[in-house]
Amino acid sequence: MPKKSSSGKKLTTTTNPLMGRDIESLKESFIHHMEYSLAKDEFSATTHDLFKSVALLARDRLVERWIETQQAYYRDDAKRVYYLSLEFLMGRALGNCLINAGIYGETGDALRELGYELEELREAEWDAGLGNGGLGRLAACFMDSMATLGLPAYGYGIRYDYGIFFQQVINGYQVETPDNWLRYGNPWEFGRPEYLYPVKFYGSVNQYHDEKGRFRSEWNEAEQIMAMAYDTPIPGYHNDTVNTLRLWSAKSTRDFNLDYFNHGDYHMAVADKDRGEIISKVLYPNDNIIQGKELRFKQEYFFVSATLQDIMRRYKKYHKTFDQLCDKVAIQLNDTHPAIAIPELMHILVDNEGLDWEEAWEITVKTFGYTNHTILPEALEKWPVSLIERVLPRHIQIIYEINRRFLDGIQEAYPGDDDRLRRMSIIEEGAEKQVRMANLAIVGSHSINGVAALHSDILKTRVFRDFHVFWPDRFNNKTNGITQRRWLRLCNPGLASLISSKIGDRWITDLCELKKIAKLADDASFREAWRRVKLENKKALAAYIWTRNKIRINVDSLFDCHVKRIHAYKRQLLNILHVITLYNRILAGGKDSFPPRTVIFGGKSAPGYFFAKLIIKLINSVADVINGDARVGDALKVVFVRNYCVSNAEKIIPAADLSEQISTAGTEASGTGNMKFALNGALTIGTLDGANLEIREEVGEDNIFIFGMTADEVEKMKSGGYDPRRYYDANQELRQMVDMIGGGYFSKDRPDLFRPVVDALLAWNEQYMLLADFESYVSCQERAGGLFKDADAWTKRCIMNVAGMGAFSADRTIGEYAKEIWGVKPVRVK
């Protein structure tokens with residue numbers, strides 16, 4: 001234990017033999033935790049017990065650095081960044097933690113000497129699926145990069161009892177079941193009951209003038225829920241920085257009503273507790289009903305309120321006034337979900353701390369930055385004014401006052417332009433007034449950034465054009481990135497080892513080092529070693545698919561992978577149309593015209609999204625027909641990997657040959673799956689959408705397969721009227737395929753099952769223009785298949801893809817945020 005002086009200050013730390021990093025110390029630590037932390041031995045321990053013992057030995061080696069990191073931030077009085085995200089899709093932590101701590105190999109050796117395999121124990125860890133997809137996974141990558149760069153940073157979110165649902169596939173249909181990720185506990189987290197904050201809902205507002213004549217507002221008669229902190233250490237790579245991910249769990253202020261219990265009403269005895277704690281029970285309820293909308297909104301405010309109370313507590317430890325708040329605090333809003341933080345900070349500064357509105361507003365704007373993640377109008381978050389009035393009565397008043405002052409400025413700049421006022425207003429008028437959360441985030445932030453060059457340009461020229469004209473200096477681009485520690489070093493150890501054997505391992509912290517392998521593309525022995533690594537990854541994935549799907553796939557086939565959230569704009573439907581095209585060509589005798597192909601799908605649909613769930617059923621129905629047709633054989637297989645998540649992405653991505661990034665141009669903000677696949681040596685087939693444009697610039701036009709309309713061409717076609725039947729009538733192969741879907745070829749027991757798919761494809765001005773891009777897509781797929789037949793040429797392009805991925809590290813992205821938005825600098829932790 002640390003020795004302390006009489007003043008309580010830490011003087012020295014006695015060396016703990018269980019904390020060493022050598023193999024013997026790791027073995028002792030593992031056995032110690034098995035016996036004393038879990039009260040198990042080698043006879044009673046389950047596989048999960050073994051995993052927890054390894055996790056605890058890894059966590060032990062972070063704790064002292066974790067404590068010292070926080071003390072270093074206080075000693076330096078450093079400006080800190082607070083990353084607010086309603087989602088953190090962390091996945092499994094063990095492998096990443098061991099790599100960053102520098103003891104992955106040693107831990108594997110120690111376990112092997114004890115008769116266990118690290119890789120097998122890693123499989124026992126449940127994914128922390130606290131996110132729906134790219135937004136939450138980006139937040140996880142950013143946390144890794146902030147720690148690796150030594151930035152004083154904190155992540156804040158919600159500790160959902162149930163994460164993104166567990167996806168089963170029954171008779172081809174998605175069936176959602178609860179994701180009870182905490183069933184066996186979470187060895188990485190520390191509960192912090194000392195950090196418990198009240199969060200208020202409902203009630204009323206009393207407004208009056210105080211004894212000094214100042215106008216004051218008091219929020220009274222509110223219900224309260226308590227927010228309790230749970231902390232997870234986030235280690236940087238091979239440094240002493242360990243940052244904190246703090247997640248909030250809802251705790252009722254009334255656990256148990258003894259009066260109800262004594263009268264035999266056992267349900268009502270715990271009803272208050274259940275109602276209060278449902279806020280953090282599950283990730284994103286279905287918001288198709290008003291109760292779901294209200295719960296989701298309460299989730300957003302719950303974590304924002306607790307977070308800002310925590311930030312203010314930390315700031316007020318050493319600062320008595322608020323004139324330095326924006327010099328010591330930077331808050332980044334990861335999309336609009338935390339945007340209610342803007343009126344919440346105003347509530348704290350004006351109502352609780354007594355600042356004048358003007359001073360509080362200046363501090364607020366300088367404190368917040370806003371990252372936009374969507375350009376789809378339907379995805380820009382709005383909340384009914386009536387809902388906010390009821391749930392947060394004081395905050396709707398603050399929002400109206402923010403809007404009034406903002407519109408006064410617009411009116412002054414553009415007198416008489418009522419249309420501009422209507423477009424820019426935070427309040428959307430209509431049958432039901434709504435609060436535009438994106439507009440609120442823009443008005444209340446000093447920085448608004450997109451996440452890819454095209455995305456940022458669309459924000460400035462289309463989606464938020466009026467705001468950009470008014471505040472051009474606030475808008476900027478920060479192209480997304482991924483952490484190479486997880487998405488190459490951890491998930492693809494064979495390729496990582498091959499690369500390091502040639503250029504060293506500096507690429508793990510400086511991804512631009514990968515450009516050094518470009519010259520090796522002409523080295524025949526290196527290409528051969530590259531193909532051996534890929535083949536081993538494909539064998540591992542084939543074994544995984546056999547275990548889960550009972551489908552045998554040809555490891556020499558082209559692995560064509562399309563794994564991401566199921567949504568119309570991501571166009572999984574376009575891919576399945578191509579699959580049916582290949583099937584028809586095989587039946588027509590064209591089997592030898594293209595290489596064998598295995599098409600691998602994976603992804604979840606939102607539970608209430610009927611069309612996306614029908615696409616999942618179509619994929620599985622097509623797979624059943626093709627995989628069961630003896631005429632096809634190994635020439636074509638279709639697989640849907642159920643319950644797509646971080647851990648099975650780590651199996652699929654290293655094995656992929658072709659990466660499908662085929663969203664309609666102008667709809668995908670950035671994408672990070674495209675970066676992960678390219679970093680692992682898959683070639684991209686995609687539209688000029690999101691970060692695909694920047695990937696093309698970095699890897700070279702010859703090393704990527706681009707097809708389809710540009711974003712400008714899409715907009716032009718929309719404005720002129722898009723008639724998909726023109727393409728249907730003109731292309732016999734396309735017509736045959738669409739008719740097969742609509743006529744019941746893949747659903748003989750229910751011939752009209754997929755009729756809604758055909759109706760959507762042929763609808764006037766169909767939003768995502770699948771048939772307009774179909775011919776170009778098929779032609780591009782033919783080029784990809786032709787190149788795959790030439791193993792050397794294909795491998796060269798794969799190597800060039802990896803060599804060009806330096807710009808897509810999250811380290812680069814976070815470095816730009818830190819310098820250009822947050823104004824935070826690294827703090828050295830000794």
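Trainee: Which residues does H33 touch, leaving aside those up to four places away in sequence?

Mentor: In this predicted model, H33 touches L38, S53, L56, L57 and D60 once residues up to four places away in sequence are not counted, and H33 itself has its place in helix α1, which covers residues 23–37.

Trainee: Why is H33 called buried?

Mentor: Its relative accessibility is 8%, and buried means under 20% relative accessible area, so H33 counts as buried.

Trainee: What makes α22 and α33 roughly perpendicular to each other?

Mentor: Helix α22 (residues 524–549) and helix α33 (residues 791–803) pack at an angle of about 85°, with their axes 10 Å apart; because angles of 65 to 115 degrees count as roughly perpendicular, that is the term for α22 and α33.

Trainee: Which residues make that contact, and how do they divide into nonpolar, polar and charged?

Mentor: From α22 come F526, R527, W530 and R531, while α33 brings A791, D792, T795, K796, C798, I799 and V802; the residues of the contact divide into 6 nonpolar, 1 polar and 4 charged.

Trainee: How do you know that β17 and β18 pair?

Mentor: Two strands pair if at least two bridges are found between them, and β17 and strand β18 (residues 434–436) pair over 2 bridges in the antiparallel sense, with E428 standing opposite Q434 in β18.

Trainee: What makes β16 and β17 edge strands?

Mentor: The open sheet of 3 strands has the order β16-β18-β17, with antiparallel pairing, and β16 (382–384) and β17 (427–428) each pair on one side only.

How values were computed
Residues are numbered from 1 along each chain as its sequence is written. This is a predicted model: local features need pLDDT of at least 70, side-chain atom pairs count only at pLDDT 80 or more; totals for chains, interfaces and linings use all residues. Side-chain values use heavy atoms; hydrogens and water are left out. Helices (H or I, at least four residues) and strands (E, at least two) are DSSP runs, numbered from the N terminus. Buried means under 20% relative accessible area, exposed over 50%, partly exposed in between (1.4 Å probe, protein chains only). Contact means heavy atoms within 4.5 Å. Axes are lines fitted to C-alpha atoms, for helices over the stretch in contact, and angles run from 0 to 180 degrees between N-to-C directions. Angles under 35 degrees count as roughly parallel, over 145 as roughly antiparallel, 65 to 115 as roughly perpendicular and the rest as oblique. Ala, Val, Leu, Ile, Met, Phe, Trp, Tyr, Cys and Pro count as nonpolar, Asp, Glu, Lys and Arg as charged, and the others, Gly among them, as polar.
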